[in-house]
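Trainee: Please put the model up, and I will ask about it piece by piece.

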Amino acid sequence: MNIAKQRVVVLGGTSGIGYATAEAAAGRGAEVVVVSRNEQRVREAAGRLGATGLAADLTALPAGLFDEIGPFDHLVYTAGEPLSLTPVATMDIARAREFFGLRYFGALDAVRAALPHLRPGGSITLTTGTASDRPGPGWAVASSICGAIEALTRALAVELAPIRVNAVQPGVTRSPLWGTGEGVEQLYAEIAATVPLRRAGEVTDVADAYLYLLSQPFTTGTVVTVDGGALLV
Ligand SMILES: NC(=O)c1ccc[n+]([C@@H]2O[C@H](COP(=O)([O-])OP(=O)(O)OC[C@H]3O[C@@H](n4cnc5c(N)ncnc54)[C@H](OP(=O)(O)O)[C@@H]3O)[C@@H](O)[C@H]2O)c1
């Protein structure tokens, strides 16, 4: 499917994987709308992309957001706050519930609100992570969110057909999500030492998967893994 002149809305599109996806879609001639919480980052990202930018906290979707956006073809959801990893023994359960707020309920609510505005032939692409299949200690909630997103993807693909619904499952990918400094470089080095493709992912690697899923007309209910082979070892 040629996405030139189609409208692509990237919720979480001002940074990291979402920004790279917005940039790749714009590079193919799509008209891009990016949404995230921080107004200044929205302005800067939209300016760099030549896109429309809107500021919204997706943990509490503003009622009129999609009316303001208008009709569009593809919804991409990449919004996520920095990871909060906690052993179950010391977990604050209220905080654990909150953690589902943006990545799971934010995505579900965005899908619900987007539906009346999605054009025929449209698609929805959600975001999970390899933590669903390969959790470590402390990852109980993050891993559960990923599993829930993957189940949601399949359920929505059935319920919303012919709208296509898919998800991208990145492995560890260099992005602002992880912060900066020695600790994070150490993490990327550890990944490079262990995964078959010998490096951490780049946001452009992952963006390719979103572009594939939104432009491939016969794929739905699928989770595409982009992890350098990490799940194999
Ligand atoms: N990077 C990885 O290694 C990796 C691996 C697996 C899965 N993932 C998942 O991929 C997604 C994107 O990650 P990333 O690495 O691209 O992260 P990122 O660079 O930190 O980008 C996150 C985006 O989410 C937005 N955001 C955060 N809280 C928001 C809120 N309450 N309302 C609206 N927007 C909000 C941020 O915008 P503002 O700055 O404006 O808040 C930003 O645009 C996340 O769900 C993450 O869990 C990432």
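Mentor: Start with contacts, meaning C-beta atoms, placed from the backbone, within 7 Å of each other. Beyond its neighbours within four places in sequence, Ala20 touches Val203, Thr204, Val206 and Ala207. This is a predicted model, where local features need pLDDT of at least 70, side-chain atom pairs count only at pLDDT 80 or more, and totals for chains, interfaces and linings use all residues. Residues are numbered from 1 along each chain as its sequence is written.

Trainee: Is Ala20 buried or exposed?

Mentor: A residue is buried if 20 or more other C-beta atoms lie within 10 Å of its own, exposed if 12 or fewer, and partly exposed in between, with C-beta atoms placed from the backbone. Ala20 sits in helix α1. Because Ala20 has 24 C-beta neighbours inside 10 Å, Ala20 is buried.

Trainee: How are α1 and α7 oriented to each other?

Mentor: Helices (H or I, at least four residues) and strands (E, at least two) are DSSP runs, numbered from the N terminus. Axes are lines fitted to C-alpha atoms, for helices over the stretch in contact, and angles run from 0 to 180 degrees between N-to-C directions. The axes of α1 and α7 (residues 203-215) come within 8 Å and cross at roughly 60°. Angles under 35 degrees count as roughly parallel, over 145 as roughly antiparallel, 65 to 115 as roughly perpendicular and the rest as oblique, so α1 and α7 are oblique.

Trainee: How many nonpolar residues are in the contact of α1 with α7?

Mentor: From α1 come Gly16, Ile17, Ala20, Thr21, Ala24 and Ala25, and from α7 come Val203, Thr204, Val206, Ala207, Tyr210 and Leu211. Ala, Val, Leu, Ile, Met, Phe, Trp, Tyr, Cys and Pro count as nonpolar, Asp, Glu, Lys and Arg as charged, and the others, Gly among them, as polar. In this contact no residues are charged, 3 are polar, and the nonpolar ones number 9.

Trainee: Which element gives the largest share of the shell around the ligand?

Mentor: A residue is near a molecule or strand if its C-beta atom, placed from the backbone, lies within 6 Å of it. Of the 27 residues around the ligand, Gly16, Ser36, Gly80, Gly129 and Ser175 come nearest. Two or more residues of the shell come from each of α1 (16-27) and α4 (93-114). The largest share, 3 residues, is from α1.

Trainee: How is α4 oriented to α5?

Mentor: α4 and α5 (residues 140-160) have axes 10 Å apart, at an angle of about 20°. That angle is why α4 and α5 are roughly parallel.

Trainee: How many charged residues are in the contact of α4 with α5?

Mentor: The contact includes Phe99, Arg103 and Leu108 of α4 and Ile145, Ala148 and Leu152 of α5. It has 13 nonpolar residues, no polar ones, and the charged count is 1.

Trainee: Where is Pro162, whose peptide bond from Ala161 is cis?

Mentor: Most peptide bonds are trans. The bond from Ala161 to Pro162 is cis, with omega near 15°. Pro162 lies in the loop between α5 and β6 (164-170).

Trainee: What is phi of Arg198?

Mentor: Arg198 is in the loop between α6 (182-194) and β8 (201-202). Arg198 is exposed, with 11 other C-beta atoms within 10 Å. Arg198 is a residue other than glycine, and its phi is positive, near 60°.

Methods: Contact = placed C-beta atoms within 7 Å.
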